[in-house]
Amino acid sequence: MKAIIAKRVDSGTADTGEIRDLARAAGYTVAGEVTQTRTEDPALELGEGKVEELAATVHRTDADAVVFDNRLGPYQTFNLGQKLPEGVEVIDRFTLILDIFGQRAQTRKAQLQVELAELRYELPRAEAKASLAKRDERPGFMGLGEYDESREQDIKAQISRIKDELDKIERTEEQRRAQRRESGFDLVALAGYTNAGKSTLMRRLAEDLDVDENEDLHPDLDETAESEDRLFTTLGTTTRRMDMDRRDVLLTDTVGFISDLPHWLVESFKSTLDEVYQADLVLLVVDVSESVEAIREKLVTSHDTLYERNEAPIVTVLNKIDLVDDEELAEKREALSALAPNPIAVSGKEGIDVDRLRDRIDRELPDWERETLVMPMTDDTMSVVSWLHDHARVDDVTYGDGDVVVEFEARPTVVEQSRAKASDLSVPESA
């Protein structure tokens with residue numbers, strides 16, 4: 001399928017790099033583009049003359065669709081459809097993103113979130129179709145589709161049903177996170193703009209580790225996270241155990257952020273972002289090979305999303321340092337210091353300084369507590385000692401005549417649990 005890119009900006013020069021990437025990610029071949037610098041035309045987004053140029057470009061290239069890197073209202077979509085050759089689809093930025101999400105959604109949760117976002121997007125258009133129908137302007141074109149009187153109520157009922165099902169999935173995932181913490185795991189989330197290299201970095205941090213050792217306790221752990229140079233490779237979440245010496249850490253790769261997303265789309269994927277919001281540490285990954293202006297814009301977008309509900313410390317990771325020299329890296333560190341005051345620079349692809357990142361993760365995660373437990377020698381004591389070996393770092397175990405002394409370090413929650421388990425041990429009666 002061929003598409004023409006269209007974009008309007010209030011001032012400056014229109015940058016079509018990202019929307020071209022998005023169009024290609026959705027399966028389109030970009031056959032041309034039309035851009036304009038002016039204030040928005042309420043009826044057509046572009047000026048009338050520019051729309052005529054757009055129609056001529058579509059006709060000349062025999063394109064199937066026009067992809068706008070702007071947010072189109074229902075009436076703008078309707079009006080543009082009337083000006084373009086018959087059968088040409090009018091797609092705005094958010095319709096395109098939903099199309100990509102729909103193609104990439106593999107899990108039930110991801111599919112539900114895509115469906116929810118599509119319905120939220122369609123609802124105002126259904127309302128617009130109702131208004132047009134009342135004026136006898138029944139829109140039978142690719143932009144809005146035919147009018148169905150019952151569609152509004154159907155959409156609202158479907159939205160309610162999907163939200164209920166997503167709530168159930170969310171409760172299950174929250175229970176799973178609680179289980180992991182009780183099992184002694186620290187939770188680290190990878191966040192950042194789409195295509196920043198999060199999945200590649202995840203594979204590097206978790207390499208040489210057999211996830212199957214956790215299979216019974218955490219059956220949802222995926223063995224791999226895809227690493228591809230394309231947008232939205234990761235739509236759902238992938239969790240793997242990290243390769244760490246001192247701690248048990250689970251690392252989750254999440255859906256990439258993208259700028260200028262409307263509230264309804266962010267809200268639809270809220271439960272996916274819970275993996276970030278409820279982590280113990282967030283690694284905010286950016287592509288340091290991009291321009292300072294692009295990195296700054298993406299950091300602001302990411303911070304806006306993270307600081308809404310996130311309480312964990314955030315470490316900015318400047319990824320892909322293999323693509324820049326030392327001088328450029330130093331300049332970008334300085335230029336971005338306000339948004340990323342103490343970043344760590346790595347190359348996930350080449351493995352450069354990944355060990356330094358592991359050390360930083362270890363320092364930033366919640367401090368472990370040292371504890372010494374003195375337990376009576378009973379039939380159940382060995383099971384507590386075994387549990388401590390699984391959930392903490394045991395430094396020493398001393399077996400006396402009538403007691404067992406265990407010295408260890410662990411997360412505060414594990415220390416609390418160990419005390420409870422020790423207090424439940426009954427002292428054996430004297431012979």
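Visitor: Where do I start with strands E8 and E9, and in which sense do they pair, parallel or antiparallel?

Guide: The general idea is that strands of a sheet pair through backbone hydrogen bonds, either parallel or antiparallel. In this predicted model, strand E8 (residues 281-287) and strand E9 (residues 314-319) go parallel, with six bridges between them.

Visitor: Which residue in E9 is the bridge partner of Val 286?

Guide: That's Leu 318.

Visitor: What is the strand order of the open sheet?

Guide: Read across its six strands and you get E6-E7-E5-E8-E9-E10, and the pairing is mixed. At the edges sit strand E6 (238-241) and strand E10 (344-345), each pairing on one side only.

Visitor: How many helices and strands does the protein chain have?

Guide: There are 14 helices and 13 strands. The chain has 431 residues, and 51% of them are buried. As for contacts with a separation of 6 or more, 74% join residues 24 or more positions apart.

Visitor: Which residues make the nonpolar surface patch?

Guide: Look for Met 377, Met 382 and Tyr 399, which together make a patch of about 270 Å². To find Met 382, go to helix H13 (residues 381-391).

Visitor: Why does Met 382 count as partly exposed?

Guide: Partly exposed lies between buried, under 20% relative accessible area, and exposed, over 50%. Met 382 has 38% relative accessibility, so it counts as partly exposed.

Notes: Residues are numbered from 1 along each chain as its sequence is written. This is a predicted model: local features need pLDDT of at least 70, side-chain atom pairs count only at pLDDT 80 or more; totals for chains, interfaces and linings use all residues. Side-chain values use heavy atoms; hydrogens and water are left out. Helices (H or I, at least four residues) and strands (E, at least two) are DSSP runs, numbered from the N terminus. Buried means under 20% relative accessible area, exposed over 50%, partly exposed in between (1.4 Å probe, protein chains only). Contact means heavy atoms within 4.5 Å. Two strands pair if DSSP finds at least two bridges between them. Patches are made of residues with over 30% relative accessible area and no salt bridge: like charges are joined within 9 Å, nonpolar side chains (Val, Leu, Ile, Met, Phe, Trp, Tyr) within 5 Å. Accessible areas come from the Shrake-Rupley method with a 1.4 Å probe; for residues, only the protein chains shown count as cover. A salt bridge is a side-chain nitrogen of Lys or Arg within 4 Å of a carboxyl oxygen of Asp or Glu.
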